[in-house]
Amino acid sequence: MVVWVVSTLTLMLLAGVLPDFKLTSDDGESITRVALTAGWGAAAFGLLSALVWPLVVRAFLLVPALVLGLLVFFLNGSLLLIALRLIPTGSGAAEPETAVIVAAVMSAVASATSTALAVRNDDAYRRRLSRLAQRRRRGPGRDDGPPQPPGIVFIQLDGVGERVLRDAVGAGLMPTVAAWLKDTHRLTPWRTDWSSQTGASQLGILHGTTFDVPAFRWYEKESGEVMVSNRPASAVELQRRAVERTGDGGLLTLDGASRGNLFSGGADQVALVLTAAARRGRRNRSRAGYFAYFSDPANAVRTAGSFLAEVVREIAQSTRARLSKQTPRIGRGGLYPLIRAFATVVERDVVVAAVMGDMLAGRTAVYADLVAYDEVAHHSGPHGRDAAQVLKRLDRSLALIAGAAEYAPRAYRIVLLSDHGQSPGETFESAFGLTLKDLVRAGCGLPVPRRARRTRSGAEARYAVRVALHRPVEEAPDEQEHRPGRLPDPVVLASGNLGLISFPDVEGRMTRERIDRRHPALLATLAAHPGIGFLLVRSQAHGAVVLGRDGIEVPLDQLTDEEGPLRGFGRGAADAVRRTDTFPHTADIMVNSMYDPATGQVHAFEEQIGSHGGLGGEQSRPFLLSPLTLSKPPAGAAELVGAEQVHHVLRRWLREGQGPQIPLVTEVAAPMEDSPSTG
């Protein structure tokens, strides 16, 4: 009633302020009659929003998310125009553009009023959850059978390392996590493989294998294609290979839900899942996850407002960093403010709403990824004030999810984890004036941009070529790069502070001896560069070898963490390099940037001042926060190593307490791309 009264007053106020919006009554212009007309209009708009809006949103499920966000305003304005025509005691009129403004204000005021009445929305939120839970339990067959065992909700905080989490808890930024750590949960660090990035880690966590995922992006010679972990077609292929290798559909095969992930984990219920987004036709229901949130027009308007606020926040923060000459710093213009707002607002809100819906539906296992911190930390740094504010807002989302558990038809255990951390540091290009690709081209004697040629690194590389060839290097103009008969240029790819160099004309991995014959100065140039820590290359004479500065060369079977090129990179670095060497698609030359143990800094080969993807620092140290009611994660082992081990821990937890049974190899579930899904 209070919301209706406030909406009525708002409608009257807007009619008096906006020149293109009028309310009139049949019996004159008295304030009482106009108020009655406004009351009828507010009631009609509220009813249409409650009854028609969900149907309209469902009809637009195939519309891309950003387009749907813009349509929110126009659809809301259309409902207002219809409501004005339904007023029985008078009439209302508004221009279409004015109707959009009035509808947005009405929805925002209704949402703000509900929030104020509910004291920060907790009471109203709990009452609404209670009603939804009771409604679901009244459904057919809901009360039949014995009590269900506890379900598990896995929440992945993308890119949040163990140290970042501890610092945030200590600084009071994450009170929900702090309460869990104090009373109900344990914190366990784990260590990633060499490829410390979401594509490898999440594939391992959800599907049980990280085999042959050497980086975030890599070149496959047999197909001539670049695999990119966050590209839909690549994600589908990676999931197919994982299912084929393990003989298992995934962690979420039985009554599971996958929200906001790269991979499905075998779940039937998916929303914002990349492998499902690659489908075409009626079977693509990944976008149906938007319905859980945008079916409420107030939510839609609130999220749109938060989206715009986040865009303004990013512009203000980047401007402040530029004016204060903050270092390290990268460009944050173009579309980035919109991309950040989508990751930190829209994706977060939709995923959180979907997870709460899964809990109220009583699903057995839910895995959701919140990418907000990872996106901001790449551009603002993992330890900066911008990233800290994101962690604070993520903690509020965790509190909402925990609150939903109180009204679910079964008990839930909430597991918080991350897929990797982030290591800070100036970019390779910013520190040395040229990219890794420029350095490789210079080391091969190929033309490089003038800006790179004038840097010290570029000059040293070209000098090394002259010495190796015993003659001057031709200063070929750029147009000669693709002259007929020339060997194809090397493919140089970056994955954080991990670089991959492939020679596409050579079948299989090119040996060190063959590289030296073709490009005598390349390996020496790379290994000696101060921004590079070590190289991995295959030798015909010695097998795989690791090259470092000062001519250091260590066969892979003799590589250790304590000395040689990997000294200072941390425990397990040698084993991680050895494992990657076994992958069929490991690049001809694997390049890891330098790492300074004193500062924890690396040099990303991409435009990122918070990076992950290789070895060095916090990027390889994610965490696992689990309830004390579950068994200890390492299960007797000294350390939890690799996403595959994390997968086995999560499988064990799902089995505990007579929970859902994951199919064994003899009960292979169908691959995700062959099973229907709903959102």
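Select Pro-627 first: leaving aside residues up to four places away in sequence, it touches Thr-184, His-185, Arg-186, Arg-413, Ile-414 and Val-415. A contact here means heavy atoms within 4.5 Å. The model is predicted, so local features need pLDDT of at least 70 and side-chain atom pairs count only at pLDDT 80 or more, while totals for chains, interfaces and linings use all residues. Residues are numbered from 1 along each chain as its sequence is written, and side-chain values use heavy atoms, with hydrogens and water left out.

Pro-627 lies in strand S21, residues 623-627. Helices (H or I, at least four residues) and strands (E, at least two) are DSSP runs, numbered from the N terminus. Pro-627 counts as buried because its relative accessibility is 5%; buried means under 20% relative accessible area, exposed over 50%, and partly exposed in between (1.4 Å probe, protein chains only).

Next, select residues 498-502, strand S13. Five of its five residues are buried. Leu-498, Leu-500 and Ser-502 point one way from S13, and Gly-499 and Ile-501 point the other way.

Now show the neighbours of S13. Strand S12 (residues 491-495) pairs with S13 in the antiparallel sense over five bridges; two strands pair if DSSP finds at least two bridges between them. To see one of these bridges, pick Leu-493, whose partner in S13 is Leu-500. The hairpin of S12 and S13 has two residues between the strands, and Gly-496 there takes a positive phi near 70 degrees. Strand S17 (residues 589-593) also pairs with S13 in the antiparallel sense, over four bridges. Select Ile-501 and find Ile-589 of S17 opposite.

Move to helix H10, residues 232-246. H10 has 15 residues and reaches 21 Å from its first C-alpha to its last, close to the 21 Å expected, where the expected span is 1.5 Å times one less than the number of residues. Colour its buried residues: Ser-234, Ala-235, Leu-238, Gln-239, Ala-242 and Val-243. An α-helix has 3.6 residues a turn, so residues three or four places apart point the same way. The cover over the buried residues of H10 includes helix H9 (198-207), strand S5 (217-220), strand S6 (225-228) and helix H11 (274-277).

Finally, zoom out to the whole chain. Its secondary structure comes to 24 helices and 22 strands, and 56% of its 679 residues count as buried.
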